[in-house]
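Keep the structure open beside this text and find each residue as it is named.

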Amino acid sequence: MDLGDSPQEAAFREEVREFVREHGHKARGGGRPAGGDDGGEGMPDPETMRARMAGMQAWREALVAKGWIAPAWPKEYGGAGLTVLEQFVLNEELAEHGLSAGMFGGMGVMMLGPTLLTHGTEEQKAEHIPRILSGEARWAQGYSEPGAGSDLASLQTRAVRDGDEFVINGQKIWATAAQFSNWIFMLARTDPDAPKHRGISYFLIDRQTPGIEIRPLTTMANQETFNEMFFEDVRVPAKNVVGEVDRGWYVGATTLDFERSGIGSAVGTMRGLQNMLKRGKDAPDATYATQQSPTWRLDFADRIVEANIARQLSNRVITLQARGMIPNYEASISKLFTTELRQRIARTHLKMYGLYGVLWDKNRAEAEKGRAATGYLDSVSSTLAGGTSEIQRNVIATRGLGLPRG
Ligand SMILES: Cc1cc2nc3c(=O)[nH]c(=O)nc-3n(C[C@H](O)[C@H](O)[C@H](O)COP(=O)(O)OP(=O)(O)OC[C@H]3O[C@@H](n4cnc5c(N)ncnc54)[C@H](O)[C@@H]3O)c2cc1C
């Protein structure tokens with residue numbers, strides 16, 4: 001088996017490296033590295049924050065010029081029309097340098113854009129695609145509800161037709177970064193009498209519409225990462241329904257299919273481990289673990305082995321996609337392993353600093369200003385987001401192994 005690059009892929013890899021040499025410095029110091037090892041680092045001071053934002057904007061513009069904000073999209077829509085393997089090379093090379101193109105696009109590029117390209121009207125594409133690429137539109141996802149998460153088809157938010165509009169009432173929860181969004185893509189029930197997977201429609205909602213209230217939720221890592229969203233008599237034009245009315249479940253499933261492959265994070269995971277080791281060798285409060293503790297060394301060696309496995313699992317998903325096949329339980333294996341690994345890495349990171357590891361006040365904690373502690377807390381949600389570990393195991397058992405549904 002040859003896992004090396006073809007001549008075309010090698011040439012493309014060199015193009016990406018050249019791009020990173022020319023523009024990579026703009027992004028450094030800004031945002032989090034792709035698939036970081038150890039989670040958040042707390043809020044930087046305002047001046048640092050401004051410098052980072054300026055650098056990130058310049059990095060964004062360089063990516064837009066190449067079409068690499070949305071590398072999979074056709075060129076006519078501002079993408080780069082890359083093949084699956086070229087996207088793999090791009091993600092891999094950027095992650096290798098601690099960079100990412102995906103950090104800008106957010107849900108607009110990752111999820112909504114491809115959905116509109118598949119199911120949207122020409123009017124919807126013309127209105128939204130350019131604004132997704134420019135960053136003018138910042139999208140939030142309104143799928144989950146207090147009573148509908150894993151069993152999403154149980155959602156109860158109602159949309160009732162009234163002339164050329166729908167009137168929406170209900171509640172959504174866990175909407176990532178919705179407090180910073182100006183548009184929402186959302187599922188709501190348009191026919192309560194139909195079987196639960198039918199009678200759902202997919203809406204695009206301008207956040208300025210009266211009747212929307214967004215309340216941030218504080219996570220146990222003390223960050224306002226996601227939100228509750230309340231809808232009270234929110235009037236949405238009927239032209240903002242994507243796909244057919246009552247067939248939104250299938251449009252919504254397309255959105256989920258377009259989640260990025262895990263390769264960026266698999267490469268980022270290995271890089272994160274190497275950085276962790278480098279820091280640990282120098283930090284006075286970590287040297288006991290890295291230099292003298294046999295148990296920590298064995299623990300860390302396991303993480304390295306697992307990071308290599310994660311990469312191979314991602315490779316498998318990519319290889320299937322490159323052959324035009326849709327990864328099924330293989331993607332669940334990769335998601336399950338990578339997110340559980342992220343939690344094990346966070347624990348290994350914490351242990352590197354012994355009792356200091358749990359200090360998270362960045363002004364008092366010596367251990368990387370509390371990153372080990374916040375990273376550990378942050379890692380907990382990774383096995384819930386995007387389908388819980390139990391759901392992934394169910395998929396592997398039923399679709400992968402042919403076992404009956406429980
Ligand atoms: C960091 C993060 C970001 C998120 N961002 C968004 C977002 O932007 N927009 C959005 O709409 N949602 C978002 N979510 C919500 C996410 O999709 C849900 O948390 C997820 O689908 C699980 O649903 P739930 O939380 O309601 O848990 P439940 O479905 O209530 O599950 C509770 C527990 O029961 C288990 N369980 C449920 N069903 C089964 C089963 N059939 N077999 C075995 N075990 C089962 C689950 O594994 C879990 O342990 C986010 C979640 C997280 C953690």
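**A walk through the model**

Ala-62 lies in helix H2. Helices (H or I, at least four residues) and strands (E, at least two) are DSSP runs, numbered from the N terminus. This is a predicted model, in which local features need pLDDT of at least 70 and side-chain atom pairs count only at pLDDT 80 or more, while totals for chains, interfaces and linings use all residues. Residues are numbered from 1 along each chain as its sequence is written.

A residue is buried if 20 or more other C-beta atoms lie within 10 Å of its own, exposed if 12 or fewer, and partly exposed in between, with C-beta atoms placed from the backbone. Ala-62 counts as partly exposed because it has 18 C-beta neighbours inside 10 Å. Leaving aside neighbours within four places in sequence, Ala-62 is in contact with His-23 and Lys-26; two residues are in contact if their C-beta atoms, placed from the backbone, lie within 7 Å. Glu-22 is 40 residues from Ala-62 in sequence, and their C-alpha atoms are 9.6 Å apart in space.

Now look at the whole of H2, which runs over residues 46-66. Its 21 residues reach 30 Å from the first C-alpha to the last, close to the 30 Å expected at 1.5 Å a residue. The expected span of a helix is 1.5 Å times one less than its number of residues. Which residues of H2 are buried? They are Trp-59, Arg-60 and Leu-63. These residues cover an arc of only 110° around the axis, so they are on the same side of H2. The arc is that of the directions from the helix axis to the C-beta atoms. An α-helix has 3.6 residues a turn, so residues three or four places apart point the same way. Glu-47, Arg-50, Ala-54 and Ala-65 are exposed on the other side of H2. After H2 comes Gly-67, with a positive phi near 80°.

The next topic is the core. A nonpolar core is a set of buried Ala, Val, Leu, Ile, Met, Phe, Trp, Tyr and Cys residues joined through C-beta atoms within 7 Å. The largest one here has 78 residues, and those with the most contacts inside it are Trp-139, Ile-184, Phe-203 and Ile-205. Helix H10 (residues 329-352) gives the most to this core, with 8 residues. H10 is mostly covered, since 17 of its 24 residues are buried. The end C-alpha atoms of H10 are 35 Å apart, which agrees with the 34 Å that its 24 residues should span at 1.5 Å a residue. H10 is followed by Gly-354, whose phi is positive, near 55°.

Ile-205 touches Trp-183, Ile-184, Met-186, Val-234, Val-236 and Asn-240, not counting residues up to four places away in sequence.

Ala-159 is found in strand E2 (residues 158-162). Ala-159 is buried, with 27 other C-beta atoms within 10 Å. Beyond four places in sequence, its contacts are Phe-166, Ile-168, Ala-188, Arg-189, Thr-190, Ser-201 and Phe-203. Phe-231 is found in strand E7. Phe-231 counts as buried, with 24 C-beta neighbours inside 10 Å. Leaving aside neighbours within four places in sequence, the contacts of Phe-231 include Thr-157, Ile-168 and Gly-211.

Turn to the ligand. How many residues surround the ligand? There are 17, and the closest are Tyr-143, Gly-149, Ser-150, Thr-388 and Glu-390. A residue is near a molecule if its C-beta atom, placed from the backbone, lies within 6 Å of it. Strand E1 (139-142), strand E3 (165-176) and helix H12 (389-400) each supply at least two residues of this shell.

Two loop residues remain. Most residues other than glycine have a negative phi. Asn-222 is not a glycine, yet its phi is positive, about 65°. Asn-222 lies in the loop between strand E6 (212-217) and strand E7 (226-237), and is partly exposed, with 14 other C-beta atoms within 10 Å. Asp-246, also a residue other than glycine, has a positive phi near 75°. Asp-246 lies in the loop between strand E8 (241-242) and helix H6 (248-257), and is partly exposed, with 15 other C-beta atoms within 10 Å.
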